[in-house]
Amino acid sequence: MIYSHEVEMMCPVAQGVAHGAAPIPEEGRWVKAKEIKDISGLTHGIGWCAPQQGACKLTLNIKEGIIQEALVETIGCSGMTHSAAMASEILPGRTLLEALNTDLVCDAINTAMRELFLQIVYGRSQSAFSEDGLPVGAGLEDLGKGLRSQIGTMYGTLKKGPRYLEMAEGYVTGIALDEEDHIIGYQFVSFGKMMDFIKAGDDANTALEKAKGQYGRVDDAVKIIDPRHE
């Protein structure tokens, strides 16, 4: 340790205040975090790249400072999907500090990592008050059946109005309209379920029919339009 001449010439004064770190909630416990290994919890966060053309939702499950589980979801940029693939290999097994200082390939994923770090070291995790935290695998529960990200994709113009393209339930195949052309419901296909049916032995047409569903007053519709072609 090198000290300047000015500091060397100072007289020592005792530090009387030493209360230590403020406790933060972690997995049903109050922890005074001093080292990375003191951090545990499951948390989510959003990141974005500098030109703001894409975003990442990152979910991490951390036990004693080490990332045990990572869910990387991206939207808006084709290259991000490949970056997410690499990040899913990079993150598990790294300490929280290592992950913060590791290039996760895409700026949006790096920014998400920064936001998660801030959340979890300040005790703002999703599992802060869950005794023993959440099991490894809890991150997948966000995806539901079929293990697909829940994406909302909507498009609209002043001239032609709104088009629902993708909802939480799945790929929208039809928009139900009333006599005034107002949307009163929609039809959809759950791709996750459809692929499960195909893998179980159904042919594609049977799987497609079994994976169809609808929401709203579709049965009362005056007409149903294809949102991509009408």
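Visitor: How many disulfides does a search of the whole structure find?

Guide: The search finds zero disulfides, a disulfide being a pair of cysteine sulfur atoms within 2.5 Å. This is a predicted model, in which local features need pLDDT of at least 70 and side-chain atom pairs count only at pLDDT 80 or more, while totals for chains, interfaces and linings use all residues. Residues are numbered from 1 along each chain as its sequence is written, and side-chain values use heavy atoms, with hydrogens and water left out.

Visitor: Changing topic, which residues of helix α2 are buried?

Guide: In α2, which spans residues 78-90, the buried ones are Met 80, Ser 83, Ala 84 and Ala 87. Seen down the helix axis, the buried residues of α2 fall within an arc of 110°, so they line one face of the helix; the arc is taken from the directions from the axis to the C-beta atoms. Helices (H or I, at least four residues) and strands (E, at least two) are DSSP runs, numbered from the N terminus.

Visitor: What about the other side of α2, and what covers the buried residues?

Guide: On the other side, Ser 78, His 82 and Glu 89 are exposed, while the cover over the buried residues includes β4 (55-63), β5 (66-75) and α4 (107-121).

Visitor: Which elements give two or more residues to the largest nonpolar core?

Guide: That core has 24 residues, and the members touching the most others are Cys 56, Leu 58, Leu 60, Val 72, Leu 91, Ile 109 and Met 113. The elements giving two or more residues are β4, β5, α2, α3 (96-100) and α4, and α4 gives the most, with seven. A nonpolar core is a set of buried Ala, Val, Leu, Ile, Met, Phe, Trp, Tyr and Cys residues joined through side-chain atoms within 4.5 Å.

Visitor: What is Ile 109 in contact with?

Guide: Leaving aside neighbours within four places in sequence, Ile 109 is in contact (heavy atoms within 4.5 Å) with Cys 56, Leu 58, Val 72, Ser 83, Ala 84, Ala 87 and Leu 104. There is also a second, separate core of seven residues, including Val 172, Ile 175, Leu 177 and Phe 188.

Visitor: How many salt bridges are there?

Guide: The whole structure has ten salt bridges, each being a side-chain nitrogen of Lys or Arg within 4 Å of a carboxyl oxygen of Asp or Glu. One of them joins Lys 63 and Glu 27, whose closest N and O atoms are 2.9 Å apart. Lys 63 lies in strand β4 and Glu 27 in the loop between β1 (24-26) and β2 (29-31), so the pair ties together parts that are 36 residues apart in sequence.

Visitor: How accessible is Glu 27?

Guide: Glu 27 is buried, with a relative accessible area of 7%, whereas Lys 63 is partly exposed at 21%.

Technical notes. Buried means under 20% relative accessible area, exposed over 50%, partly exposed in between (1.4 Å probe, protein chains only).
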